[in-house]
Amino acid sequence: MEFIKQIAPHAQKIQEKYKILASLVIAQACLESNFGQSGLAQNGKNLFGIKGSYNGQSVTMKTTEYRNGKPYKTDAAFRKYPSWVESLEDLAQLYTNGVSWDKNKYKLIIGETNYVTACKKVQECGYATDPNYAAKLIRIIEKYELHKYDKVGNKKPTKPEAAAKKEEHQVYTVKKGDTLSEIAQKYGTTVNELVKLNNIKNPNLIITGQVLKVPAKTEKDEYYAVKKGDTLTKIAKKYETTVQNLVKLNNIKNPDLILVGQKLRVR
(Lines give C-alpha, C1' and ligand atoms only; values in the text may rest on other atoms or scores of the structure.)
Protein backbone atom coordinates (compact mmCIF):
# COMPACT_ATOMS: atom_id res chain seq x y z
CA MET A 1 0.00 0.00 0.00
CA GLU A 2 1.09 3.55 -0.74
CA PHE A 3 0.77 4.65 2.90
CA ILE A 4 3.14 1.89 4.04
CA LYS A 5 5.64 2.76 1.33
CA GLN A 6 5.60 6.40 2.44
CA ILE A 7 6.29 5.82 6.12
CA ALA A 8 8.48 2.67 5.96
CA PRO A 9 11.82 4.50 5.34
CA HIS A 10 11.15 6.77 8.31
CA ALA A 11 10.19 3.81 10.51
CA GLN A 12 13.50 2.16 9.58
CA LYS A 13 15.37 5.29 10.61
CA ILE A 14 13.56 5.16 13.95
CA GLN A 15 14.68 1.55 14.37
CA GLU A 16 18.30 2.55 13.75
CA LYS A 17 18.10 5.51 16.12
CA TYR A 18 15.91 4.16 18.94
CA LYS A 19 16.05 0.34 18.54
CA ILE A 20 12.28 0.10 18.08
CA LEU A 21 11.20 -2.37 15.40
CA ALA A 22 10.10 -0.71 12.17
CA SER A 23 7.35 -3.30 11.70
CA LEU A 24 5.81 -2.38 15.06
CA VAL A 25 5.80 1.36 14.32
CA ILE A 26 4.32 0.87 10.84
CA ALA A 27 1.62 -1.51 12.12
CA GLN A 28 0.57 0.92 14.84
CA ALA A 29 0.37 3.76 12.33
CA CYS A 30 -1.79 1.63 10.03
CA LEU A 31 -4.12 0.52 12.80
CA GLU A 32 -4.56 3.84 14.58
CA SER A 33 -4.84 6.14 11.56
CA ASN A 34 -6.75 3.77 9.27
CA PHE A 35 -3.74 3.71 6.92
CA GLY A 36 -3.40 7.49 7.02
CA GLN A 37 -7.05 8.11 6.12
CA SER A 38 -8.39 9.28 9.49
CA GLY A 39 -9.42 12.90 9.87
CA LEU A 40 -6.67 13.47 12.42
CA ALA A 41 -4.02 11.96 10.14
CA GLN A 42 -5.18 14.12 7.26
CA ASN A 43 -5.75 17.40 9.10
CA GLY A 44 -3.03 17.18 11.73
CA LYS A 45 -0.60 14.62 10.29
CA ASN A 46 -1.18 12.91 13.67
CA LEU A 47 -1.02 9.13 13.24
CA PHE A 48 -1.35 8.08 16.88
CA GLY A 49 -3.96 10.36 18.41
CA ILE A 50 -1.49 12.15 20.69
CA LYS A 51 -3.17 15.12 22.39
CA GLY A 52 -1.70 18.54 23.14
CA SER A 53 0.31 20.76 20.84
CA TYR A 54 3.50 20.38 18.81
CA ASN A 55 5.67 23.50 18.56
CA GLY A 56 2.57 25.45 19.52
CA GLN A 57 0.45 23.86 16.79
CA SER A 58 -2.71 21.85 17.46
CA VAL A 59 -5.90 20.81 15.69
CA THR A 60 -9.24 20.64 17.51
CA MET A 61 -11.43 17.64 16.79
CA LYS A 62 -14.42 15.92 18.31
CA THR A 63 -13.59 13.06 20.62
CA THR A 64 -15.45 10.80 23.04
CA GLU A 65 -14.61 10.95 26.72
CA TYR A 66 -16.14 9.14 29.68
CA ARG A 67 -17.59 10.57 32.90
CA ASN A 68 -18.85 8.13 35.54
CA GLY A 69 -18.67 5.41 32.92
CA LYS A 70 -20.88 7.29 30.44
CA PRO A 71 -19.59 8.57 27.07
CA TYR A 72 -19.95 12.18 26.03
CA LYS A 73 -18.67 14.25 23.11
CA THR A 74 -16.20 17.04 23.61
CA ASP A 75 -13.68 19.03 21.64
CA ALA A 76 -10.03 18.14 22.24
CA ALA A 77 -6.77 19.58 21.01
CA PHE A 78 -4.46 17.13 19.25
CA ARG A 79 -0.88 17.72 18.22
CA LYS A 80 -0.56 19.06 14.71
CA TYR A 81 2.63 18.02 12.95
CA PRO A 82 4.27 19.39 9.80
CA SER A 83 4.29 15.85 8.39
CA TRP A 84 3.88 12.20 9.36
CA VAL A 85 7.62 12.04 10.00
CA GLU A 86 7.32 14.15 13.17
CA SER A 87 4.39 12.03 14.35
CA LEU A 88 6.48 8.86 14.02
CA GLU A 89 9.34 10.54 15.86
CA ASP A 90 7.01 11.58 18.69
CA LEU A 91 5.92 7.95 19.20
CA ALA A 92 9.57 6.89 19.39
CA GLN A 93 10.21 9.63 21.95
CA LEU A 94 7.27 8.39 24.03
CA TYR A 95 8.62 4.83 24.07
CA THR A 96 12.13 6.02 24.84
CA ASN A 97 11.36 8.58 27.53
CA GLY A 98 8.17 7.15 29.03
CA VAL A 99 5.67 9.41 30.76
CA SER A 100 6.11 11.97 33.53
CA TRP A 101 4.99 9.54 36.22
CA ASP A 102 6.91 6.52 34.86
CA LYS A 103 10.06 7.03 32.78
CA ASN A 104 10.42 3.27 32.24
CA LYS A 105 6.81 2.62 31.20
CA TYR A 106 7.76 1.41 27.70
CA LYS A 107 11.31 0.28 28.40
CA LEU A 108 10.53 -3.36 27.49
CA ILE A 109 9.83 -2.36 23.89
CA ILE A 110 13.26 -0.84 23.31
CA GLY A 111 15.70 -3.33 21.81
CA GLU A 112 13.13 -6.10 21.25
CA THR A 113 13.95 -7.94 18.01
CA ASN A 114 10.92 -10.25 17.62
CA TYR A 115 7.86 -8.50 16.24
CA VAL A 116 5.37 -10.82 17.98
CA THR A 117 6.97 -10.22 21.36
CA ALA A 118 7.23 -6.49 20.67
CA CYS A 119 3.51 -6.25 19.91
CA LYS A 120 2.65 -8.12 23.10
CA LYS A 121 4.92 -5.88 25.16
CA VAL A 122 3.22 -2.75 23.79
CA GLN A 123 -0.06 -4.06 25.16
CA GLU A 124 1.49 -5.28 28.42
CA CYS A 125 2.97 -1.83 29.01
CA GLY A 126 -0.52 -0.35 28.90
CA TYR A 127 -0.34 1.53 25.60
CA ALA A 128 -3.89 0.43 24.67
CA THR A 129 -6.88 -0.91 26.59
CA ASP A 130 -8.11 -3.06 23.68
CA PRO A 131 -7.52 -6.69 24.81
CA ASN A 132 -6.90 -7.65 21.18
CA TYR A 133 -4.51 -4.79 20.38
CA ALA A 134 -1.40 -6.98 20.12
CA ALA A 135 -3.18 -9.56 17.98
CA LYS A 136 -4.40 -6.84 15.59
CA LEU A 137 -0.86 -5.48 15.19
CA ILE A 138 0.52 -8.96 14.52
CA ARG A 139 -2.13 -9.62 11.87
CA ILE A 140 -1.29 -6.34 10.11
CA ILE A 141 2.44 -7.11 10.20
CA GLU A 142 1.93 -10.55 8.70
CA LYS A 143 -0.75 -9.55 6.19
CA TYR A 144 1.44 -6.81 4.70
CA GLU A 145 4.77 -8.56 5.46
CA LEU A 146 5.99 -5.56 7.43
CA HIS A 147 8.71 -7.66 9.09
CA LYS A 148 10.67 -7.27 5.85
CA TYR A 149 11.40 -3.69 6.96
CA ASP A 150 13.06 -4.91 10.17
CA LYS A 151 16.81 -4.97 9.79
CA VAL A 152 17.27 -7.21 12.82
CA GLY A 153 15.45 -9.92 14.65
CA ASN A 154 13.54 -13.11 14.25
CA LYS A 155 11.41 -12.77 11.13
CA LYS A 156 9.01 -15.50 12.21
CA PRO A 157 7.43 -16.10 15.61
CA THR A 158 8.32 -19.23 17.52
CA LYS A 159 5.68 -21.98 17.62
CA PRO A 160 4.23 -21.00 21.02
CA GLU A 161 3.91 -17.39 19.88
CA ALA A 162 2.31 -18.40 16.60
CA ALA A 163 -0.29 -20.38 18.50
CA ALA A 164 -0.93 -17.52 20.91
CA LYS A 165 -1.72 -15.03 18.18
CA LYS A 166 -4.72 -17.08 16.98
CA GLU A 167 -6.70 -16.21 20.13
CA GLU A 168 -9.52 -18.74 20.10
CA HIS A 169 -11.61 -16.80 22.61
CA GLN A 170 -12.23 -13.38 24.08
CA VAL A 171 -14.67 -12.29 26.75
CA TYR A 172 -18.00 -10.44 26.73
CA THR A 173 -19.73 -8.88 29.75
CA VAL A 174 -23.49 -9.39 29.68
CA LYS A 175 -25.50 -6.16 29.52
CA LYS A 176 -29.07 -5.52 30.62
CA GLY A 177 -31.49 -6.98 28.07
CA ASP A 178 -28.95 -9.34 26.48
CA THR A 179 -29.92 -12.85 25.44
CA LEU A 180 -27.65 -15.73 24.47
CA SER A 181 -29.23 -15.70 21.01
CA GLU A 182 -28.31 -12.04 20.46
CA ILE A 183 -24.77 -12.54 21.76
CA ALA A 184 -24.31 -15.62 19.57
CA GLN A 185 -25.45 -13.68 16.48
CA LYS A 186 -23.15 -10.81 17.34
CA TYR A 187 -20.07 -13.04 17.51
CA GLY A 188 -20.97 -15.32 14.62
CA THR A 189 -21.55 -18.43 16.72
CA THR A 190 -24.46 -20.48 18.12
CA VAL A 191 -26.27 -20.63 21.45
CA ASN A 192 -25.14 -24.24 21.85
CA GLU A 193 -21.50 -23.24 21.39
CA LEU A 194 -21.82 -20.49 24.04
CA VAL A 195 -23.47 -22.97 26.39
CA LYS A 196 -20.56 -25.39 25.94
CA LEU A 197 -17.88 -22.73 26.25
CA ASN A 198 -19.31 -21.35 29.48
CA ASN A 199 -20.81 -24.51 31.01
CA ILE A 200 -24.21 -22.79 31.20
CA LYS A 201 -26.92 -24.86 32.91
CA ASN A 202 -29.91 -22.77 31.81
CA PRO A 203 -29.56 -21.00 28.42
CA ASN A 204 -32.52 -18.77 29.29
CA LEU A 205 -30.83 -17.41 32.40
CA ILE A 206 -27.85 -15.11 32.05
CA ILE A 207 -27.15 -12.30 34.48
CA THR A 208 -26.16 -8.69 33.88
CA GLY A 209 -22.43 -8.38 34.56
CA GLN A 210 -21.78 -12.07 33.88
CA VAL A 211 -18.54 -12.61 31.91
CA LEU A 212 -18.86 -15.05 29.00
CA LYS A 213 -16.27 -16.60 26.73
CA VAL A 214 -17.05 -15.82 23.08
CA PRO A 215 -15.21 -16.53 19.81
CA ALA A 216 -12.52 -14.00 18.95
CA LYS A 217 -13.55 -11.64 16.18
CA THR A 218 -11.52 -11.56 13.00
CA GLU A 219 -9.91 -8.42 11.59
CA LYS A 220 -12.14 -8.38 8.50
CA ASP A 221 -13.76 -5.06 7.71
CA GLU A 222 -17.39 -4.87 8.83
CA TYR A 223 -20.00 -2.38 7.67
CA TYR A 224 -23.36 -1.14 8.93
CA ALA A 225 -26.18 0.60 7.05
CA VAL A 226 -27.57 3.55 9.00
CA LYS A 227 -31.25 3.18 9.97
CA LYS A 228 -33.81 5.80 10.93
CA GLY A 229 -33.17 7.06 14.45
CA ASP A 230 -29.54 5.92 14.52
CA THR A 231 -26.79 8.08 16.00
CA LEU A 232 -23.05 7.46 16.02
CA THR A 233 -23.29 6.95 19.78
CA LYS A 234 -25.90 4.19 19.36
CA ILE A 235 -23.90 2.51 16.58
CA ALA A 236 -20.65 2.74 18.58
CA LYS A 237 -22.36 1.11 21.57
CA LYS A 238 -23.81 -1.65 19.37
CA TYR A 239 -20.38 -2.57 18.01
CA GLU A 240 -18.46 -1.94 21.26
CA THR A 241 -16.35 0.82 19.75
CA THR A 242 -16.20 4.60 20.14
CA VAL A 243 -17.65 7.53 18.23
CA GLN A 244 -14.11 8.76 17.67
CA ASN A 245 -13.13 5.45 16.04
CA LEU A 246 -16.17 5.55 13.73
CA VAL A 247 -15.29 9.11 12.77
CA LYS A 248 -11.73 8.04 11.94
CA LEU A 249 -12.76 4.91 10.01
CA ASN A 250 -15.24 6.83 7.87
CA ASN A 251 -13.56 10.25 7.70
CA ILE A 252 -16.75 11.85 9.01
CA LYS A 253 -16.69 15.66 9.04
CA ASN A 254 -19.75 16.18 11.25
CA PRO A 255 -20.35 13.43 13.85
CA ASP A 256 -23.88 14.74 14.42
CA LEU A 257 -24.88 14.25 10.78
CA ILE A 258 -25.31 10.73 9.39
CA LEU A 259 -27.86 9.76 6.76
CA VAL A 260 -30.32 6.89 6.58
CA GLY A 261 -28.87 4.26 4.26
CA GLN A 262 -25.33 5.56 4.70
CA LYS A 263 -22.86 2.68 4.83
CA LEU A 264 -20.42 2.97 7.72
CA ARG A 265 -17.34 0.89 8.39
CA VAL A 266 -17.57 -0.22 12.03
CA ARG A 267 -14.35 -2.23 12.26
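**Salt bridges in the predicted model**

E89 is partly exposed, with a relative accessible area of 25%. This is a predicted model. What does the side chain of E89 meet in a salt bridge? The partner is K17, at 3.4 Å from N to O. The pair links distant parts of the chain. K17 belongs to helix α1, which covers residues 2–18. E89 belongs to helix α4, covering residues 84–97. K17 is exposed, because its relative accessible area of 57% is over the 50% cut-off.

Next come the strands. K62 and D75 also join their side chains in a salt bridge, here at 3.6 Å from N to O. K62 sits in strand β1 (residues 58–67) and D75 in strand β2 (residues 70–79), so this contact ties together parts 13 residues apart in sequence. Are these two residues buried or exposed? K62 is partly exposed, at 41% relative accessible area. D75 is partly exposed as well, at 49% relative accessibility.

A third pair has another setting. K121 forms a salt bridge with E112, and their closest N and O atoms are 2.8 Å apart. Both K121 and E112 are buried. Each therefore has under 20% relative accessible area.

How many salt bridges does the count come to? It comes to five, and among them are K17 with E89, K62 with D75 and K121 with E112. Why can such pairs form? Side chains of opposite charge can pair when their charged atoms come close.

Definitions and conventions:
Residues numbered from 1 in each chain as written. Predicted model: local features only at pLDDT ≥ 70, side-chain atom pairs only at ≥ 80, totals over all residues. Heavy atoms only, no water. Salt bridge = Lys/Arg side-chain N within 4 Å of Asp/Glu carboxyl O. Helix = DSSP H or I, 4+ residues; strand = E, 2+ residues; numbered from the N terminus. Buried < 20%, exposed > 50% of the residue type's maximum accessible area, 1.4 Å probe, protein only.
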